Amino acid sequence: MTRWSFSLVRRRIKPILIAFFSLIASLNAQELQPSTIAQTLLTSYCIDCHSGPDAEARVDIETLLSTSVSASNPLESNYSTWKTIAQLIQDGVMPPADADVPSEEEKNEFAVWFATELEKVVSKPGPIQVRRLAKHEYRNTLRSLFGFDLEVNIQEAEQTVIEKSLVLKLLPTDPPGKSGFTNDTHANGLSSYSWDQYMYLSDVSTRELFEPQRSNALSELAGEEVTADSLTPATAKKLIRNFIVKARRRDLLDEELSTIHSRLENKKGTALLSAIQLEMQAEILSPRFLFRSTLHSQPSDASSGQAKEPELFVDEFELAERLSYFLWADMPDIELMSLARSGQLRVQLETQIARMLRSPKAKSLANDFGVQWLGLDEINLQVANNPPQLDALRTQPTDFLHYLFTEERPLSELLSSNVTFVNPHTAKYYGRIVSKQLPKYRKQKGIEIENVVNSRVELSSELQRGGILTMPGILAMNRTAILRGTWLLERIMGHHLPEPPPNVPAIPPASPNTAELTFRQRFEQHRSQETCAVCHDKIDPLGFAFENFDDKGKLRKQSKTSLDTSGQLPGGERFRTAEELKRILITTEKETVIKNIVEKTLAYALCRELTVHDVPTVNRITAEMLATEATWEDLFVAIADSLPFQKYCPPAT
Amino acid sequence: MPDSPVRSLRLNRRSLLRGVGASLPLPLLNLMEESSAAAPSTEQPLRFLSLFKPNGVHPPSWNISGGQEYDFRLSPLMKPFAGHKDDVLILDNMGDFGFSSHANSTRRFLSGHHRNTDTASIDQIIADKISGDTSHRSLELTTEGLFTNQIGCSYISYDAKGAPLPRESDPQLVFDRLFRNPIDHAGKRTQLKSVLDRVLDDANSLARRAGTEDRQKLDEYLSVLRSTEKRIATAASSSPRIDFGQLERPPMAANLDEQVEAMLDLICLALWTDSTRCATYMLGNSNSRMIFDFLGIKEQHHYLSHFFRNFSRPNLEALLKISVWHMQKFDSLLTKLKNYREGDGTLLDNTLVLYGSGMGHSDNHTVKRIPIVLAGAKRFLKTGRYVRYSENQQIGRLHLSLMNAFDVDISDYAGSDSPLAGLDGSSYESYQEKPFDSWVSVKGNEIVAQGRIRMSDNLDEAKLFYVDVEGKQPVKIEVSFKDFHQFNLAYHCGTAISVSGTGESRGDQAVITKVTDLKSVHGKLPGTQKG
C-alpha cells in the first residue's frame, strides 16, 4: 500500500512537491480539512459557469460537492469527474485564461488535497453486473456452442469483399462503452431491432445443426454419432443437457434438467426433432445466453442468515467466463469448464492463461482489445481505394500486437522492437534489408493487387522504425503532427484531452502568403492563441517528432538535417528525433506508459470503466510491472489475479 | 394489392410447378388450388425488373449485322434467348459516350449519367411510384461481393440522395427476408410463441433474483419480448394472406449457376406474390472478378473480357462461354416469368424487364451500342422487334420513357429532356446505312468479295467469318491467327468491307484461307475512333 501510494504522489505532483512540503509546514501540523480546500477553490473559481441545469460541459459543481460530502471518501462517487477537474486545474486549462484564475498556491493546495484523498481510497471490487454479450462475443460464443460458424452462402469472387459471418452481417455495431471498449455494453441494452436478429439467428442455427452437412458438429455435441434421422429420445436428452450446460457456461441443476427432459418425453421422429429445436432456440434467446453473469449466485437471496461479507470471490464458473471473455472474447472451453467444475481453476490460473494465449482464439486480444485501444479502425477511413494496401497497413499492427501478447514479449516492446510484420505492400516502407527477408511473391494472372499474409522480419534498428509508433498504418491514419501528438498522448500516455473549443478554426493549408512558412511555423501561429496553447503546447511538440514521415507514413526524401523533428514531452524533457522520443518513453517516461497500459487492459478485462476503487489495483500492478522487465503475459496474469477480477461486492440487501 | 385484394390468393399450383426449372430442387409445393375467375391482365400492377450483365460484350458476337425492325437475324450471342424472340425488344445504338470506366458505366445503367450522383436511380423512382402497400418496397440483389478498389462497380441502384443501396446476394437470406419472417408466418408463429413463452419464464425468474441495476437490464429485455408478443398477436388477428409457410427455402447453392437460378426464382415469386414490385439484380459487378469454374474456366471474367489485349483463342472461347451463360440466365428469367399465370396472361405480361450492360465493347470500354434488351410489359412495349436508332442515344432518354411508362411524372432526367421514341411502336428515326455494292468474284484460287462481314453463327467457330451477298455464293473466311489479327477481322464485323485473298471452293462456298487485302468500304479504320 505504502509503496504505490508514495509513487503516486511522486508522479502526479512532482512539479509541486516542494510547494507541498512548504505548505504542510505552514499549516503547522494543523489538521487538513480536505473537503474545505476543494470546496473553497471550486466555489470561488468554477461554480459561476458550472452549476445548475445549464452547467458548462454538464459539470455541476454544486451537485458534485453535495454528493461528495456525504460519501466516506469525497472522490468515491464521481471519480472520473474529479480526476478531470484535478488535471484541468493542474494543466491550467481551467479556469480559462480570461476568467479569475487561482494562484499557484491555491492550485498546489488543491492538488495536494486530491492526492491525499486518492491515497486514502481502498481497493474494492465491483458488484456482479449483468451485461449483454457484444456483437463479436456473441458471434464467437455462438460458433463455439454449435461447432460451426453461420455463414452467408454465396460464391466468392477474387478481390471482392463480403461479410461472410451472418452474425456480423446482421447485428448492429456496438458503440464503445464508458471504458472505451465495445465489450462494455452496460449502457447499451437490447433493442428490438437486435432482438429480431437474435430470433432469426436462433432459428437459422438450430435448424442448421440438424442438416446433413453439420452431422459432425451434432455428434460432437451429443457425444455420440447421430443424425437428425437417427435421433432417439435417449440421445436427445444427452444432447440437450450438453447443449444447455455449454450455452449457460455453468452446470445446471438436476431439477431443471428433469423438467427439460420431461418435455422431450414420449416424443419421436419429427416431433422429437422440433421439440429439441424449440428447447435449443429458447436457450439461446434466454438472457442466460445473451447476457453474462445472470446465473451467478447472489448471497442476498440465500436463505442463510450468515454475516454479510464486504467482498467475496466470484465462483469458479464466473471466473472461467471472465478469463475466456478477456483473452478470447469467447465462451470457456471444455478444459476451463472442467477445472471450474472441480474448483481447480483459481489455483491453476497461470498455467491456464499460458495455455489460452497459445490458442488461435487469443488473436481476439489483438483484433478486439488492441484495435479498440489504439483506434486502428481509423486506418480504414484514411486509406481509401486500395484494399490490399489497407489490409497490409491494418494487419501489421495487429500481427505485431499478437506477437507481443502471446510470445512473452516485454511490455515496452510495444514502442521499441526489432521485430515487425510486413508483406510486399508494406515492405516498400522499410527498404532492402527487410524486403529481402520476405518469401518470393508472384501475383496470379488477371489479378491487379491482392491481400498477402505478413511475414515476421527483423529490423536493423529497434528505435528507427521499430515499435508501433512508426508503423506506416499508424502514421498514415494520423497524418499531421497534431493528430500524431494527440494519439500518442491519449492512447499511449493515457492523457485525457478536452475537445477543442468550437470556435477555433483548423490549421489553414499553405497559401501563397504563408508559403515561406514551414509546416511547423504555421502550427506555431496556431499555437500562439492562448486558448489553443494550453493543449497544443502538450500535443504539437510530440507530433513534430514524426515530421520526417509524410502523410502516407513514408520516410520523407529530404535530407534529415533539413527537417526539424525536435520537441519536448509534457514533463519538459526534450528530444531531437523520434528515436530519442521513443527512448524517453521506454526509460524516464516508462511509468506513465506502463500505467496507461495497465489501465486500458484492466478496463477491457473488467468490461467496465475503472472506478476510484480500482486505482490501488492499477498502481500496484504498475509497480509490479516496473519492478521486473515484465511481459504482456505477466500483465494478463496480474490482472486475472487482481482483486476486481477475482472478487465482487455482494449487493446491499 | 390495392387494385385486386384477392389476386394473390389465386395461386395456381400447376403454374407454380412449371415456374420451377426442371433441374431445380427449389421451393413451393402445395400452394393453393387454381381459382376459376381470373382477373384481366390489365388490372395487375405493372412491375419493374432489371437484370445487369457485367463486363460489356464482345461486339462481333453480340451486334446484329444489318437487319430491319421486323426482319432481323439474332446475333450469335442472342441465340440463347431465341425462344423469346417475340417477347423482346432489342435496342441498338444505345449510349453516346466514347469511353467509360467500369464504375461510371455502371452508374449510368440505371441513373442516366455518371454525373447524376444526387438523385435516385430509376428503379427507386419507379418503386416510389408503384410499391403501394407491398411488404418490400424494392429488392436490390447481386451475385458478387463489393469491389472496394472502385466501389462504383458494385452498385446500380441508388437512393434519393444518390447513395448506393446495399445489395444482398444470398438466396437463402433473400428467401428468409421475403417469406420467413416468423411474425407474418402462420406456422412459424406458433413455434415462436412457444419459444417466447419459455424465454419469458426464464427471464422473469432471473429478474426476480437480480439486483436493482441488473433488474433494469432484464426489464428492458422483458419489454422487448412483450412487444414482440404483441406484434405476433396483431399479425395473427389480421386478415389471412398467402401462407408462406409452405414455400421451401432454397438449398445451399453448389455453384454460381444454382445461386443465380435460385435468385431468379425468388425474384419471380416475390413479384408474383406481390411481395415487391421492383427488383434489380446484378449478375456480377460491372468488372466481375468471378471465376466460372463450373463452366471449366479458370480465369477471371474481367481478365477475359479484355479479349483484345489478352487475346488468345482459349481466352476468347472462355469469354464467349461466359457470355452465353449470361444470355441463358436472361432466357431463364423470361421463361420463369412466363410460367407464372396471372389474370388472363402471364407474369411477364405485367413486368417490364430491362436487361443489359453498362458498356458495349468490353475491351476498349466503348459506351456506344450498349447491349440493351427490353421484354414483357405487354401494355407498353411493342416487342418482337429490333430497333436501331439513327444516332447514338443517351441512356437517360430510355430512362425517361421507362419512367413515363410507370406514370412517373418527370420530364428530364440526368441531362436528358426527351423520352426515347419507338418503344411502344411509335415512329422513330431509324439507322440508315450508307448504301454499298456487293459482289463476289472467284477466279481460280483468287477470291475477291465486297459485302457485309459477320462472325459465324456458331460461337464455337468464333474464328470463322462470312461475307453474305444476296443471290451469290457465300464467302467464308477461314484464316490463320496471323491474318485474323493483322487484318482485324473482328473489328469490321457488321460493316461493309472489300476483301481479297486466296482459297478454294468447297461445295457452294468460296473459302478464303489467306487474306491478301481488306478494306472498309466506308473507310472505317481500327483505332481512329475512341472506342
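Helix axes are here lines fitted to C-alpha atoms over the stretch in contact, and the angles between them run from 0 to 180 degrees between N-to-C directions. The structure is a predicted model, in which local features need pLDDT of at least 70 and side-chain atom pairs count only at pLDDT 80 or more, whereas totals for chains, interfaces and linings use all residues. Residues are numbered from 1 along each chain as its sequence is written, and chains are lettered from A and ligands numbered from 1 in the order in which they are written.

Chain B contains twelve helices and 15 strands, these being DSSP runs numbered from the N terminus, with at least four residues (H or I) for a helix and at least two (E) for a strand. Its C-alpha atoms fill a box of roughly 100 × 50 × 45 Å along the principal axes. Of the 531 residues in chain B, 49% are buried, a residue being called buried if 20 or more other C-beta atoms lie within 10 Å of its own, exposed if 12 or fewer do, and partly exposed in between, with C-beta atoms placed from the backbone. Among the contacts in chain B with a separation of 6 or more, 72% join residues 24 or more positions apart; two residues are in contact if their C-beta atoms, placed from the backbone, lie within 7 Å.

The largest nonpolar core has 123 residues, of which Ile267(B) and Leu374(B) touch the most other members; such a core is a set of buried Ala, Val, Leu, Ile, Met, Phe, Trp, Tyr and Cys residues joined through C-beta atoms within 7 Å. Helix H8(B) gives the most to this core, with twelve residues. When residues up to four places away in sequence are not counted, Ile267(B) touches Leu49(B), Ala279(B) and Tyr281(B). Another core, of 115 residues, lies apart from it and includes Phe317(A), Leu339(A), Ile597(A) and Ala603(A).

Within chain A, the axes of helix H17 (residues 349–357) and helix H30 (residues 632–640) come within 10 Å and cross at roughly 130°. That angle makes H17(A) oblique to H30(A), since angles under 35 degrees count as roughly parallel, over 145 as roughly antiparallel, 65 to 115 as roughly perpendicular and the rest as oblique. Leu349(A), Glu350(A), Ile353(A), Ala354(A) and Leu357(A) of H17(A) meet Glu633(A), Phe636(A), Val637(A) and Ala640(A) of H30(A). By class, this contact has seven nonpolar, no polar and two charged residues, where Ala, Val, Leu, Ile, Met, Phe, Trp, Tyr, Cys and Pro count as nonpolar, Asp, Glu, Lys and Arg as charged, and the others, Gly among them, as polar.

The contact between the chains takes 36 residues from chain A and 45 residues from chain B. On the side of chain A that touches chain B, helices H9 (192–208), H13 (269–285) and H14 (287–290) each give two or more residues, and the residues of this side divide into 16 nonpolar, 14 polar and six charged. The axes of H13(A) and helix H6 (residues 186–209) of chain B come within 9 Å and cross at roughly 50°, so that H13(A) is oblique to H6(B). Leu278(A), Gln281(A), Ala282(A) and Leu285(A) of H13(A) make this contact with Gln191(B), Ser194(B), Val195(B), Arg198(B) and Val199(B) of H6(B).

Most residues other than glycine have a negative phi. Arg249(A), in the loop between helices H11 (233–248) and H12 (254–264) of chain A, has a positive phi near 60° and is buried, with 24 other C-beta atoms within 10 Å.
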